[in-house]
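Visitor: I'm new here. Could you show me the structure and walk me through a couple of its features?

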Amino acid sequence: NALKYYQKALSLNPNDKSLYLNIAQIYNSKNNFTEAAKYSKEAMIRFPDDKQVKTLNSEINSRQAGAIYEEATKLRDSGKYTEALAAYNKIPNQGYETYVGIAGVYQLLKDYPHAIEYYKKALTLKPYDEEVSVALAGVYIYDNNNKEAEPLLKNVLAKNPNNTQAKEFLAYINKNNAETIIQTADQKSVV
């Protein structure tokens with residue numbers, strides 16, 4: 001009932017900031033982010049410098065992004081990769097976690113160029129993130145680009161010599177490099 005009366009009051013007095021805030025807050029509490037954002041955005045247009053309006057708008061955007069992120073993650077975990085990508089891409093103001101989520105889905109799809117692109121975006125926001133650096137190195141390895149993977153892994157191990165995954169990836173690269181050297185030497189001796 002409160003919503004009905006607030007909307008009626010708003011139609012009579014469209015310059016009452018508190019009505020926009022109250023309506024947006026009600027929709028926000030019901031997880032109806034589309035309607036909450038509609039009233040919040042209208043309040044932002046009418047009262048662009050108001051601190052309460054900015055705070056509520058930010059909260060609604062954050063909750064909406066969180067809900068979409070959760071849904072995208074569920075889709076990814078259930079193997080619905082295309083739908084997961086579509087959901088991740090709907091997240092407003094994408095950031096670190098969204099980039100990592102998108103990169104992970106591309107990696108599962110074996111679309112390594114896009115996985116690399118999004119892991120790099122995540123690293124621009126958190127340059128020393130160990131997990132993302134190792135994940136990116138792994139994608140480079142899967143994409144047969146050990147030259148790009150090796151410095152990432154050495155950087156991780158310089159900061160954390162106990163990173164097991166980085167050690168395993170680097171050992172794989174070193175073994176591959178040794179095998180390549182042996183094969184090249186064998187080919188030269190045959191000629």
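Visitor: How much space lies in the largest pocket?

Guide: Keep in mind that this is a predicted model. Rolling a probe the size of a water molecule over the atoms shows where empty space is left. For the largest pocket, that space comes to about 160 Å³.

Visitor: Which element gives the most to the lining of the largest pocket?

Guide: The lining includes N61, S62, A65, G66 and Y69, along with I91, P92 and E97. Two elements give two or more residues to it: α6 (96–108) and α4 (51–77). The one that gives the most, with five residues, is α4.

Visitor: How many residues of that lining are charged?

Guide: Let's go class by class. The lining has seven polar residues and four nonpolar ones. The charged class has one.

Visitor: Let's move on to the helices. Are α7 and α8 roughly parallel or antiparallel to each other?

Guide: Helix α7 covers residues 112–125 and helix α8 covers residues 130–142, and their axes lie 10 Å apart. The two pack at an angle of about 160°. An angle over 145 degrees counts as roughly antiparallel, so α7 and α8 are roughly antiparallel.

Visitor: And how many nonpolar residues does the contact of α7 with α8 have?

Guide: α7 passes α8 in a left-handed crossing. On the α7 side, the contact includes Y112, A115, I116 and L123, while α8 brings V132, L136, V139 and Y142, among others. Besides one polar and one charged residue, the nonpolar count in this contact is 12.

Terms used. Residues are numbered from 1 along each chain as its sequence is written. This is a predicted model: local features need pLDDT of at least 70, side-chain atom pairs count only at pLDDT 80 or more; totals for chains, interfaces and linings use all residues. Side-chain values use heavy atoms; hydrogens and water are left out. Axes are lines fitted to C-alpha atoms, for helices over the stretch in contact, and angles run from 0 to 180 degrees between N-to-C directions. Helices (H or I, at least four residues) and strands (E, at least two) are DSSP runs, numbered from the N terminus. Angles under 35 degrees count as roughly parallel, over 145 as roughly antiparallel, 65 to 115 as roughly perpendicular and the rest as oblique. A crossing is left-handed if the near helix is turned anticlockwise from the far one by less than a right angle, and right-handed if clockwise. Contact means heavy atoms within 4.5 Å. Ala, Val, Leu, Ile, Met, Phe, Trp, Tyr, Cys and Pro count as nonpolar, Asp, Glu, Lys and Arg as charged, and the others, Gly among them, as polar. On a 1 Å grid over the protein atoms alone, a cavity is a set of points where a 1.4 Å probe fits but cannot get out, and a pocket is an open set with protein on both sides within 12 Å along at least five of seven lines; lining residues have an atom within 4 Å of a point. Grid points are joined across faces, edges and corners, and a volume is the space filled by probe spheres set on the points.
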